[in-house]
Structures are given as structure tokens and as C-alpha cells.
Amino acid sequence: MPEAIVKTRNLTYEYIRRDAEGNPEGVTTAVDHLSLDIAPGAFVAIVGRNGSGKSTFARHLNALLVPEESAVWINGMDTREEEKHLDIRMTAGMVFQNPDNQIIGQVVEEDIAFGPENMGVPTEEIRLRVDEALQLLKLEKKRLDSPNRLSGGQKQRVSIAGVLAMRPRCIVLDEPTAMLDPQGRAEVIRTAHRLNRKEGITVILITHHMEEAVDADHIIVLDKGKIAMQGSPREVFARVEELRALRLSVPQVTYLAYLLRRKGLALPDAILTVEELVEALTV
Amino acid sequence: MRGISIGQYYQADSPLHVLDPRVKLLCTLAYIIILFFADNPFAYALAAGFAFAMVFISTVPLRLILRGMRGVLFLALVTVLFNLFLTPGEELLSFWIFTVTREGAEMAAMMALRLFLLVLASSVMTLTTTPNKLTDALERGMRPLRVFRVPVHEIAMMMSIALRFIPILSEETEKIRKAQMARGAAFDEGNVLKRAKSLIPLLVPLFVSSFRRASDLALAMEARCYHGGKGRTRLHPLRYEARDVIAYLIFAAFLAGMIVLIRVF
């Protein structure tokens, strides 16, 4: 197995809860001794309900949060070493939830150029990278538009293009679809899969929509900062009761199959798509 | 909040549009300065002629420019009235407590013309230059100030972020306004004081959300390797071309003409 692109060992992050007057109330452990390895080229979904620590975890992958002890390595680089932060951010790009709050440029192509500009890439090379990112995300026609005139899904694609122009080996998407309509959500998830398959970029998708995790190679379920479950989508979605106990939904069709099986229908363990269910029922 | 026209850009394909923004910025600045030295009709005629020639070259409809100037009309009126009535000198006519002097009338006319040309020139500049290029030009133009530890890059970055967020925040203001109206807030009623007070439920949520946005944006910028202006390259670096040199020469000729006219008369 090649060396993990993301490696964490006993990653712990605590913060002090305060009441309205600012007096400490107690300590919350957002991430609790988390150890995991993500192989290059993988598509990993990290799911969990609000407050499960998934966003806090994501911020450690980009050295936006730094652990107190050595605990996170991105492509072998320890995130505690400050002089490596730029390298780490070039290796693991990050896309955030709200597209409006992460687009800096007033023109689509200028925003995409922002990362490479910061990295000091020569002008001709920036041009190449921007054109490539525009093409990969099918934004060529929007090149000179103002980001304000794009739909939510398009804006989020601009954000992804901006990260892509930095030529990262890994992209962390932190709830990229939370503010989008269903169409925009599908658009973003499709894009993430395409980049993973065609460009071989490692994708770490953080989400609380379980439907979005169905096509991942590997799902990690977080709860209270710990790994509650992990495995292939089929393995994870087979454990419907446990997921429901964690207040996570399963895809509708999986739940339907689960209910039918409980009523005595002979169905395989985890059904992930409508087609699979239709096939299982018609045999 | 609606109809903000700062840095309004008029898309067209004119020689002025393609000029390096530094040329336009510097020349506009010099034009405004020389305006304040102009003290005779000939100099004003030349300055006005030059400004209108620029309007013509820019292909921006004059109507559009004049409409954008309505905002300064009030300021111009106050200035003119003050000059008209408060300048001592040879009496022309007087009624009640007001006296108009010859010097006052001259001064008022000059001030009006000066203000008009000043706004005209700056409008031509902003109408032919995208806000982006303007901030770029400012960053480059202010570079010498770095010697005095002026954070030139940071100021330019702040300006361009502000420009990017104006439409977003004005949209948000509209949203909050409607939300508060739905709960019975009245924004258009009562006297000035009452109206000002009614803005509080509008401004407080707007402020809170702006701070959240700012902190999100800072994080996103950091994630994309932003670390100040050091070692930064540009997708569209500013480079002087032959046409920019020609523009400088034309402007220098105009400037020389102005100086001669101011000196001679």
C-alpha cells in the first residue's frame, strides 16, 4: 500500500465551553483520539450529525487548526511545522460550505487564479492552470462573469476550480452542498467524483447527507469526535439501526429495503440504489 | 443601498478602455490638480475641451455620465452660493442681507466649472476602468509609500474585497429589511430621529453577519495559501505598452498647454 496521503494518530481537539458571561462551563472534546489513514486516490466520505466533530477534523487537514502534539501528517508532512503550512495547503485543498464567503475575486477566472497567485506561480503558468480548471469544471463560458451572477452550484464549482488550480493531490470538501438546492448538490457531488476518477485526486467529502456518501469508496461515521463505524457504503448502510441510533438517516431506498426485510421479505443486506431494489424484488 | 454607482463600469471597446489603469489614474490625478491652478477662461476652455474629447473617445454616452453626476449637484450648489454671497469685493447688486460682488460671481462660476470638470474627469476614469484594474493600479501606484511602512498591498486587497462584497451585502440588507417588515417594522415612517432608530434592527443583524462572513473569508483565504503580498504573482500583471506611452505623451502636451495658459494670462 502506498503511503497514506492523510494520516492522523490520536488526534484530539478540545475547546472550553463558556456561558453567556464568558465563564468557563466545561471542556468539550470535538475530536477524540482519532486515528485514520487515507490512501492516495481514494474517495472517502466522512459523515456525522451536527457537532460530531467532522468540520473540526477537516480543518486539521489543511493546517487551519494545528494539534498540540504531532498527530496529523499530510503526505508525510507534520502539520505542526509552520514552514510547511503552504506546502500542506497546496497538497490538501479545502472547499468550504458557503460559496459566497470563499470567493475572493470579482471575476470567475481571477478568483480561480487567487491560489496560484499566492503560491507565486509565474503568470503564463497561472493562465494554463486557470484554463485547465475552467475546462475541468465546465466553466469556460462563465470565465469573465461576476461570481454574483452564478447559481449556487456554479459558485461552488468556482470554489472547487480555485482549489484545483493549486494542483492539490487531495481535496477536502467541508459540507460543500449544505447551502445548495438539490440540483446544485448533485452538480457538486458529480464533479467531486469526476475529479476523483479522471484526475486521480483524493477526495474527502464531509457531509451529513447520507445519500451523498453512497458512491464513496469508504465511509467513516463520526460521533462525538470518535469513529463510530467505518467501511464500504454497503457495510455501513447494512447497519441501519445503529445509524438511526446515531441520528443519521440512511438513503430512502435503503431504509425501504430494510423495512421490507424486517417484514420478512428475502432481500440482500444493504441496498443502495433504486435499481438494486427493483432487481432484488423482481428476481 | 440600492443603485450604488461607485466604480460603475461601462463595458465598451474604446482606446481609453484598453489603456493601462495606471495611466488613467495618474492622468486623472494630475488633471484634477492642474484644475485648481487654472484661473482664467482660456485655461478652463482648454481643460473642458480636453475632458469632453476624452468623453468622446471613451464612447460612453454623455447622458450616462451626467446622470451619474446628479449626486454632487447639491454640493456644487452649496459651494456656488457660498462663493456668490460671501466673497468681499466690488458690489454688483444687493438685496436684503445679501450682496453679490463681481469677485464673488467670478469665483462662483469658476468653482462650479472646476467641480463639474473634476467629477467629469473622475467619472470617465471609473466608467472606463474595472474596479479590479483600478485597485491594481492603486497598489502599484502607491508602492513607493511602502518605504513609510504603509501596508499598500493590504489596502488594495481590502478595497477589492469590499467591492466584491457590496452586492452581497446589499442583497442581504434587502433580505433583512423584508424580514423585519414582515414582523411589523416600519422603515419609512416618522421623523428623522424615528427613522434613524428604525435602522437599528436592520444594522445589527447585518453587522453580525458581516463579521461571520469576514471570519469565513479569512479562513478561506488562508486555506488558499494567502500570506500577504510577499512573493505574490498575478494572472493579469500590469505592463506598459506602446499605447500607454503615447497616452502619457498626449497628456503631457495638454499639461504643457495648461501651464502656458495659466502663466500667460
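**Cysteines, interface and salt bridges**

Analyst: Let's begin with Cys225(B), which counts as buried at 0% relative accessibility (buried means under 20% relative accessible area, exposed over 50% and partly exposed in between, with a 1.4 Å probe and protein chains only). Keep in mind that this is a predicted model, where local features need pLDDT of at least 70, side-chain atom pairs count only at pLDDT 80 or more, and totals for chains, interfaces and linings use all residues. Residues are numbered from 1 along each chain as its sequence is written, chains are lettered from A and ligands numbered from 1 in the order in which they are written, and side-chain values use heavy atoms, with hydrogens and water left out.

User: Switching topic: how is chain B divided?
Analyst: Into domain 1, covering 15–129 + 238–264, and domain 2, covering 146–223. Those bounds come from an automatic or database domain assignment. The centres of the two domains of chain B, taken over C-alpha atoms, are 34 Å apart.

User: OK, the interface. How many residues does the contact take from chain A and from chain B?
Analyst: It takes 40 residues from chain A and 30 residues from chain B, with contact meaning heavy atoms within 4.5 Å.

User: What area do chain A and chain B bury between them?
Analyst: About 3000 Å², with 53% of it on carbon and sulfur atoms. Buried area here is the accessible area (1.4 Å probe) that two parts lose on being put together, summed over both.

User: How many salt bridges does the rule find across that interface?
Analyst: Four, where a salt bridge needs a side-chain nitrogen of Lys or Arg within 4 Å of a carboxyl oxygen of Asp or Glu. Helix 2 (85–91), helix 3 (108–119) and helix 4 (123–136) of chain A each supply at least two residues of the side that touches chain B. Helix 3 of chain A gives the largest share of that side, 11 residues. Helices are DSSP runs (H or I, at least four residues), numbered from the N terminus.

User: Which residue does Glu222(B) form a salt bridge with?
Analyst: Arg89(A), with the closest N and O atoms 3.4 Å apart. Over all chains the structure holds 26 salt bridges. Glu222(B) sits in helix 10 (residues 200–223) of chain B and Arg89(A) in helix 2 of chain A, so this pair joins two chains. Arg89(A) is buried at 5% relative accessible area, while Glu222(B) is partly exposed at 35%.

User: Now inside chain A. Where do the side chains of Arg157(A) and Glu187(A) lie?
Analyst: They meet in a salt bridge at 2.5 Å, N to O. Arg157(A) lies in helix 5 (residues 152–164) of chain A and Glu187(A) in helix 6 (residues 182–199) of chain A, so the pair ties together parts 30 residues apart in sequence. Arg157(A) is buried at 12%, and Glu187(A) is buried at 13%.

User: What about Arg234(A) and Glu276(A), how far apart are the closest N and O atoms?
Analyst: They are 3.0 Å apart, in a salt bridge. Arg234(A) is in helix 7 (residues 233–237) of chain A and Glu276(A) in helix 10 (residues 274–282) of chain A, 42 residues apart. Arg234(A) is partly exposed at 41%, and Glu276(A) is partly exposed at 25%.

User: Last one: which residues are linked in a network of salt bridges?
Analyst: Glu109(A), Arg127(A), Asp131(A) and Arg143(A).
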